[in-house]
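Biologist: I am new to this structure and would like a close look at a single part of it. Here it is.

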Amino acid sequence: QVQLVESGGGLVQAGGSLRLSCLASGRTYSISSMAWFRQAPGKEREFVAGIRWSGMVTSYSDSVKGRFAISRDDARNMVYLQMNSLKPEDTAVYYCAADRETRWPLTVVKNYDYWGQGTQVTVSS
């Protein structure tokens, strides 16, 4: 079993920055890839960014390319999402996710086995 805990969400003005953190615990050796998803009220959960441990291959949603960056620190079992140039449409609950083995594509919700509780990000105009 793997537990994921997100932190770093909050309220920020448009154009500002936030860095989200995800701490993994438990059987972290079983993790193959990790990702960030987000979900706004009344909308489906959508892929934001993903990273594989092997080769540190990353993937981004078109809506966040050039603004967000996913990174990891395997020594600390941490994954980060640096969010710059935030827009009101980025407002959502952000979730950290992990899978036992990398299943393509990384953008599919059902391909992940573990989820955090979510952290709220609100971007004001």
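Is Ser-21 buried or exposed, and at what relative accessibility? Please take me from there to its surroundings.

Modeller: A caution to begin with: this is a predicted model. Ser-21 counts as buried, because its relative accessibility is 10% and the cut-off for buried is under 20%. The residue sits in strand E3. Leave aside residues up to four places away in sequence, and Ser-21 touches Val-5, Glu-6, Ser-7, Trp-36, Met-78, Val-79 and Tyr-80.

Now place those partners. Strand E1 covers 2–7, and Val-5, Glu-6 and Ser-7 are partners of Ser-21. Strand E8 covers 78–83, and Met-78, Val-79 and Tyr-80 are on the list of partners too. Strand E4 covers 33–39, and Trp-36 is another residue that Ser-21 touches.

The largest nonpolar core has 28 residues. Those with the most contacts inside it are Leu-4, Met-34, Trp-36, Leu-81, Met-83 and Tyr-94. Strand E3, spanning 18–26, supplies at least two residues of this core. So do, each in turn, E1, E4, E5 (46–52), E7 (68–73), E8, E9 (92–99) and E11 (119–124). Apart from this core lies another, of six residues, with Ala-35, Phe-37, Phe-47 and Ala-97 among them.

Which residues does Tyr-94 contact, leaving aside its neighbours within four places in sequence? They include Leu-20, Trp-36, Leu-81 and Met-83. Glu-6, Phe-37, Arg-38, Val-48 and Phe-68 are also in contact with Tyr-94. Gly-118, Thr-119 and Val-121 complete the list.

Ser-61 is found in the loop between strand E6 (58–60) and E7. Ser-61 is buried, with a relative accessible area of 15%. Not counting residues up to four places away in sequence, Ser-61 touches Phe-47 and Val-48.

Ser-85 is partly exposed, with a relative accessible area of 42%. Its phi is near 50°, a positive value in a residue other than glycine. Asn-77, in the loop between E7 and E8, also has a positive phi, near 55°. Asn-77 is partly exposed, at 31% relative accessible area. One peptide bond deserves a look as well: the bond from Trp-104 to Pro-105 is cis, with omega near 0°. Pro-105 lies in the loop between E9 and strand E10 (114–115). Why point these out? Most residues other than glycine have a negative phi, and most peptide bonds are trans.

Step back to the whole chain. It has zero helices and eleven strands. The radius of gyration is 13 Å, close to the 14 Å that the globule rule gives for 125 residues, so the chain is as compact as a globular protein of that length. Along the principal axes, the C-alpha atoms fill a box of roughly 40 × 25 × 25 Å. Buried residues make up 42% of the 125 residues, and Ser-21 counts as buried. Of the contacts between residues at least 6 apart in sequence, 57% join residues at least 24 apart.

How values were computed:
Residues are numbered from 1 along each chain as its sequence is written. This is a predicted model: local features need pLDDT of at least 70, side-chain atom pairs count only at pLDDT 80 or more; totals for chains, interfaces and linings use all residues. Side-chain values use heavy atoms; hydrogens and water are left out. Helices (H or I, at least four residues) and strands (E, at least two) are DSSP runs, numbered from the N terminus. The radius of gyration is taken over C-alpha atoms; the globule rule is 2.2 Å times the number of residues to the power 0.38. Buried means under 20% relative accessible area, exposed over 50%, partly exposed in between (1.4 Å probe, protein chains only). Contact means heavy atoms within 4.5 Å. A nonpolar core is a set of buried Ala, Val, Leu, Ile, Met, Phe, Trp, Tyr and Cys residues joined through side-chain atoms within 4.5 Å.
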